[in-house]
Every structure is written in C-alpha cells, then in structure tokens.
Number of protein chains: 2
Amino acid sequence: MNVPSHRRALLEALAERLGERGLLREPEAMARYVADWAGDRLGEPLAVARPATTAEVAETVRLCHEHGVAMSPQGGHSGLVAGALPAADGGELVISLERLDRVRDIDPVNFTMTVDAGCILESVKQAAAEHDCDFPLSLGAQGSCQIGGNIATNAGGLNVLRHGMMRQLVLGLEVVLPDGRVWDDLSALHKDNRGIDLKQLFLGSEGTLGIVTGAVLKLAPRPTQSRTALLGLPSVTAVVDLYGLARRDCSDLLNAFELIPRRCMELAMEATPDLGDPLDDAHPWYVLMEVAASGPLDLDAMLEHLLERGMEHGLVEDGALATSEAQAQRLWQFRESMLEGQRRRGEHLRTDISVPISAIPAFVERAGEAVMAASPDCEIIAYGHVGDGNLHFNILPPPDMAEADKRDHLHALEERLFAVLDDVGGSLSAEHGIGRTKQAAYLARLSPLERELAEGIKALFDPEGLMNSGRILPPR
Amino acid sequence: MNVPSHRRALLEALAERLGERGLLREPEAMARYVADWAGDRLGEPLAVARPATTAEVAETVRLCHEHGVAMSPQGGHSGLVAGALPAADGGELVISLERLDRVRDIDPVNFTMTVDAGCILESVKQAAAEHDCDFPLSLGAQGSCQIGGNIATNAGGLNVLRHGMMRQLVLGLEVVLPDGRVWDDLSALHKDNRGIDLKQLFLGSEGTLGIVTGAVLKLAPRPTQSRTALLGLPSVTAVVDLYGLARRDCSDLLNAFELIPRRCMELAMEATPDLGDPLDDAHPWYVLMEVAASGPLDLDAMLEHLLERGMEHGLVEDGALATSEAQAQRLWQFRESMLEGQRRRGEHLRTDISVPISAIPAFVERAGEAVMAASPDCEIIAYGHVGDGNLHFNILPPPDMAEADKRDHLHALEERLFAVLDDVGGSLSAEHGIGRTKQAAYLARLSPLERELAEGIKALFDPEGLMNSGRILPPR
C-alpha cells in the first residue's frame, strides 16, 4: 500500500508511543477489525491502534489530529449499521478500546460502578452481581459488545421497559475529544443540575464527537426472583391493551413484554422441533412476559391476578406460567429459536423501527398491507418490545426469487414500510443507530433546521472532521 | 424611562402583533414578573410579552432577534437562583409562557401526554390522573410552577428516586430557537436512536438556548395504594445502609426515602405543637419513607419485613407504620412543619447540594465540623433525599448575630461547606440550577475545557447572546 507521508509520519510516532502490542499493521492481524456482526465489511484500515490507557487513547488521538489523519473508534464489533468500520479508502486509523477493560471501582452503597469503556457488557454485569447489584442492560450481544459502544449507540435491549436505555444508566463519562484533550466528567452523582449536561451529547452520537474511555454506571438491586409467562391473544390490539393492564397490575415490575406472531412460533418450532406447541391451541399473537423483584413479593399471585383480569376482558385466550427456572428457559427458547429460524431463511430485511405504543396495531396492519400489495409472495415477520414501541418488522423475500434480485426488492419494500412509519410519527432506528447503512433514509427525513444544528454540534467538537466522520452525517 | 430607539421599535411591533392582553408595559401590571419564590428581585423589564401560541412566541422572539433586544423567558416564578428574572438594566423583554396552558393530547395507551410549556405542573398531574395515569414529578411548588420551567431546570423533587428527574420524563420537545425559528421534535416515541439527541441540550440549560413551548411527557400507571413509615435510627451510616436494604426488600417500589435529623423533628414540633413526638423515644436520625404500587401487592407485609430486617441488622431502633391515609398525612406533616419551623428562624443559608450516597455519612460529619469550627454558635439543619444523594445542608446563623452581618457570615460558611463538597466529588446544585445566584461558585469550579465547550454550545444556538444570557455563563 502506498501510504502518503503524513500517514507514514503518524504510524512512526504511534509505533514509538504504543509499542508492538499497541499498533497492528499486518493485514492478517487487522482482519478482525474490518467486519462487524452484520457481516458488513468495508476497506482496510491504515492500521489498528490498541491503546491500553486513557492517556494512550488521548495521545493516539492527539497524534492523529496533529497529522490530519481520520479515526475510526471501535468497540466489540456488534454493530449493525457499519458505524464502527474503517472507511474503504484505507485512510482511517482504527482505535480499538479492547485493552481498556478494567472495572475501576464498584460502590454498591451508591449503586454505581466506574468502568473502562472497553469492558465487555457481560463482565460488567458479572462484577455488579458479585456485589448483589444488577447492571440491567441486557442484549443478545452482551458477551462481546463493549460499554463504550453501548454508550456511543445508546444501546437498549430487553429491559428498556423497566430500566431505560443506556442514557438512563450513565451518570458520568470520560471522553477523549477529537483533538486529544480529555474531558473528565466521571461524576457518581445521581442528581446534578450544574449547567448544560454535555455528556448527553456523547450518548448516541456513535463516536462522531469523541471517544468515550470511561463511564460511571448506575446499578439496580439484583433481582432475587422472576417469573415468565407465555400468553395467547386474539389480536395486536389485545396485546397493547394487555400491556396497559400489566403495567398497572404488576406495579411496573415488568422486565419484558414481547410481542410474537404465530408465524414466529412456527419458525421457532421448525428450528427447534422438540419445543412443541406451547399452548393447547394456536393463537394469532403471543406475549412473552417476565416480571422480577429483588424482595419477597408474591409474584405468582400477581401474575395469576393479571391473567384472570386479562381473560375477563377478553384479551387473553390462554396462557402458560413457568413454575420453574427450566420452564422459564423453555419459554424464552421460543424467542431465541425464532431468530434462528429467521436466519435460516437466508437474506431478509431486518428493521428496528419504533412507533408510539398506541399506534402498534394500526401500524402492523397498514405496513403489512403496503408490503403485501407490492410483493404478495413475501413473508412478514413482525415481533418486538411492546413497552418501547420497538418493532422488528422484518421481511422474507418471495421464496422463488433469484438471489441477485433480493437486495433491490427488499430495499423497495423498506421504502414502503418507512412511508407508513413516517405517517404514524415513527423512527427508522429505535436501537441500532444510523451509522452508514441508514444514513440515506435518515437524511431524507431530517429537516434543514435539525441538520443545521446537528452539523453545528459536529463542527464544534470536531472542526477538522476527523472523528468517525461520515457516520450519521455525511462527511463535509 | 428613556427607551432607546431599537427597543421602542420592538415594542411598537410587539403591540401590533400581540394585542393588549399580549403586552404589558405599566409598572403595576409588570410587578409580578420581577420577583420569584426566593424573593429575589432585580430591575424592571422593558415590557412583558404574553404570547398565547407557539407561533406568537416565535414571532416575539423573531422580533427581538431582529431588533437586537435581550429576552428573559419566564414560567411560574418558583425559581430559587434568579435565573428567570429580567436583568437590572431594564433592557430585557420578559416572555411569559403563562398563556400557553393547554393540554394538547393525552394518550394513556402510549403512556404519554403532550402539553403546552405554560401548563401548571399540578394541572398536568390532574389531567394524567383522569386517565388513570400518573405524571410523577412532585415538587413543593407544583401548584404554581410550569412544565416549561421544569424542563428548563431539569426539575427533580420528591420522587426522583423512583421516576428520575425531568430529563427522564420528557420524550419530545417543541422549542423556539433564539432567532425565532421553531424546532419541532414533539416525538412520542419511547425508544429512538436517530443521531444526536438535541433535545437533551434544552433540558437543564435554564432557557439559555431557546424557549421550550411544548413537550411530550412520559406517564406512569397511577398508584392505587401507598404506605408511609417513620423510622428512628442511630446514625447517618445506619440511614444509608437501610436505604440499600430498602431498595432490595421493597423491589424498587420506594417513592421517597427522606433523611431527617432530630433537630428538624423538634423544629416541626415547635411550628406545629399538636404534632407530638412521633415515636416513644427521641432518635438522632429519622427516615420518612413511602412505598407505592399500582397493583394488588401486600405493601404492609413488605414494609414489616423491611422493619424486621432493619432491626435485626441494628439499623432501625423504632418505627411507626401509618395504617390509614390520615396517619400517613400526619407523618408527612413533620416534613412540612420542619420547613415552616426553619423559615420562622429568619435568614439562613439554604443549599441543594448532592454527594454520592456512600459519601453522605462522612460528608455530614466533615461539613458539620468545618462549619462549626468557623462558627460555633450557628446551627446546622441537614436533611435530604437519600436516594438521590441530594441534601439540603442548611445553616441558621448564631441567634445573637446582627441582621446586617448575617449575609456575609453565611456566605463565608457556604464557602467552607463547598470546599468539603469539592473533596467528595459533590455538586453545589443538585436541583435548583445555577441561574445568577450560583454563577460565581459554579464558574470557580468549571474547568477551562468544560467552559469552552459550554460557551461553544451557547454561541452555536445564540450567537448574538440575546436569550436569557448572563444566566449559568456570564454574558459575552
């Protein structure tokens, strides 16, 4: 590779500062830094920097800034929108946070912990559990995703309903700004009203304003008991009505309230045949719900009361209440197996949209009609987190379609889906962010004023446009 | 008053656009717009604009921007840091939101409501209750404070422990920017990850970046039962330890967990003699706690279990559990009467600081020593919200001190208090904001980097420095 002189000078300076473990330049060594969970793959990075401390991150960024070299900060490679992949032109330095993996401090009395940004989410959860606390962020990728990436993308996951997104779980941040200066705001205060809350800008800005190197996280009491139920319901409207009843009857001890169509149960049983049909009869829609408590409450009585009321109101047709941990795991197995069943069907359209909860029934119906009108042989798989209004409205292409045609076909269907979404005030990215993959659809809907403000913020923090630029907003 | 020509031109234009009800210029009519709850009073406003719609707010702001006249947006006059009072030089136009007082929409299925910024908090709570929902922000000033002011100051109050500050309760905003353009982000989505979350900047920036005119608020189920208990404890350490136990045993159904020293109980009994001593013996410290639920849980059993465990661990010496609404009100009466008792003692230092919960015991001890060393005859009244680490560490001056000396004396003690606070990583404003009153102490602690970023944000939104300038940051 013919490396221009300013980049060569940077690499020499970095090699000296970071040492052998801290800078990777061989293509084989760099291979795992150019792909993410979605399988997206762009170009080759200029090199991969692996600083081990905040000071080394700061020095790396300072040198990039000095030499005018663009940066691509990287966490656990579990992104789905190509936001953390180096650019195709080979000009970006990947800065991996993986060596910043220390739990710095746990304060169970304050219900907080302070961690390096490169800590794996699962290890953070384990460390909290050792102190009888819970870090409630729960994601499919928790065994590999990093806290810094969770912060940069304002991650959500299964327990948003009860504990909120990452934004609600962060009390303080340490950030290396695009010029290499360190902004230390590692506050462990639960309540603080001193001026503009700058840390909010870094949450969800996908690394475009700076690199998070540390965070103070909010903990909850560790749950000591939980109950899982699978219910069969006649309609999406019944699901949404039951949600309102459940929040009330369960006094907001709901951890999860998942909407699952019959088709997904079938996909799950296809993928894992020994699961068997969970209820005596088939139902058009299912709810998989979990409640949890850290104290000695009677959760069985609470759920039985909810089921009775749900049946009285004609919302619930049938239900199974897990009476053991093994039974609960079997119910959750349906949700995992349905994802596996979906994967086995090959290329399909994945979305992570959101709508107001009250709009879920109309949206599912209208979006379904719009998609089926354009492509009568495709198949819709719409499931999601009711309490967040977050739906995975996914589409399997017609089974007989040629592989080469699928991508364009699905893209056209996505446009139809998004048009209905716009109509109900929904979001085309409730969870995964914008990155590069969703940039065009995002920009098409961004008002000139909002774009001006977002670009102004970016220019304020990163006037040279070197920090993860081209993600969310186009490069200037 | 000799009004310069650019201001006269503005007033003429405003009179034409807003009509007689919309523009006040007589001193008597303007009197109630120049004082706030703390009794702070600065100068006279240029005039008071009372726009009735978002479009009229936008037009008012646009005209001010065009004529280069400074603006002082105003809510319900319940501020405590002189942040919403017009400047002393008579050059600021007050823009009161009081006529924007419509509840625009309630969507109980989505657990949201959309309101004008001038809605009184109490009326918002009532409107939510009519739909079997709860808007959980609860403040002493809720009968007069407005939602827009709650948003601008990121208000907290009694239930922060369970429901968070205003930041956690806002899903969408409508804001008139300092040049009069309207930014419409009235989204009712519970989960949304499209780019930088600009609305976060307006929460807590005290009207310095724009005027909030509308908001989408998050609702909770309406509680159907609650229980109140008053407990006697031997030490602040026991209070903090009991808090950890209570969060676990009560499965986070805690609404309030208030720390009260014996001295405050005495002040309460002085102010309301027929209250009587609530427990058989006096205790050095008390906890007033409330749990609430929207479903049929056995809260009595839950609290009794907590009390037993607290006694087993030597944390709780004695306790009274209210068994009726009247008894619960009587227990809460202690908290109200102690504030009244404090007020009767005349001028005193009020603070609204916060520290990590784990630092509360050491802070109360060290801050007490520092203050008493400097002023052995003053009296410390330290109470607060344990779950937020938010303490009102207040100081009554020596009883024999001349009135004229009190202010300087208390200011000197505040400096000593803040020095201990700095040492434990605390905040000098957990609740009331910076405004003008706390600006000097705030700026003295602001790092040059943080100041640069905050000033950059201000300059981006308000390059002419016309919007509530001089609050939080000094005027440029």
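Start in chain B with helices α9(B) and α13(B), which cross in a right-handed manner (left-handed if the near helix is turned anticlockwise from the far one by less than a right angle, right-handed if clockwise). This is a predicted model, where local features need pLDDT of at least 70, side-chain atom pairs count only at pLDDT 80 or more, and totals for chains, interfaces and linings use all residues. Residues are numbered from 1 along each chain as its sequence is written, chains are lettered from A and ligands numbered from 1 in the order written, and side-chain values use heavy atoms, without hydrogens or water.

**Stop 1: the helix pair.** Select residues 236-249 and 360-374 of chain B. These are α9 and α13, packed at about 160° with axes 8 Å apart (axes are lines fitted to C-alpha atoms over the stretch in contact; angles run from 0 to 180 degrees between N-to-C directions). That angle makes α9(B) roughly antiparallel to α13(B), a term for angles over 145 degrees.

**Stop 2: the domains of chain A.** Colour 5-96, 103-221, 225-344 and 353-423 as domains 1 to 4; the bounds come from an automatic or database assignment. The C-alpha centres of domains 1 and 3 of chain A lie 44 Å apart.

Stop 3: A cavity is a set of points on a 1 Å grid over the protein atoms alone where a 1.4 Å probe fits but cannot get out; lining residues have an atom within 4 Å of a point. Select its lining: A:D134, A:R162, A:H163, A:A220, A:P221, A:P223, A:N255, A:A292, A:A293, A:S294, B:S251 and B:D252. Domains 2 and 3 of chain A each give at least three of the lining residues. By class, the lining has five nonpolar, four polar and three charged residues.

**Stop 4: the second largest cavity.** Return to chain B. About 30 Å³ lies here. Its lining is B:L158, B:V160, B:L161, B:A256, B:F257, B:E258, B:H385, B:V386, B:G387 and B:D388. Which element gives the most to this lining? β13(B) does, with three residues.

Terms used: On a 1 Å grid over the protein atoms alone, a cavity is a set of points where a 1.4 Å probe fits but cannot get out, and a pocket is an open set with protein on both sides within 12 Å along at least five of seven lines; lining residues have an atom within 4 Å of a point. Ala, Val, Leu, Ile, Met, Phe, Trp, Tyr, Cys and Pro count as nonpolar, Asp, Glu, Lys and Arg as charged, and the others, Gly among them, as polar. Grid points are joined across faces, edges and corners, and a volume is the space filled by probe spheres set on the points. Helices (H or I, at least four residues) and strands (E, at least two) are DSSP runs, numbered from the N terminus. Angles under 35 degrees count as roughly parallel, over 145 as roughly antiparallel, 65 to 115 as roughly perpendicular and the rest as oblique.
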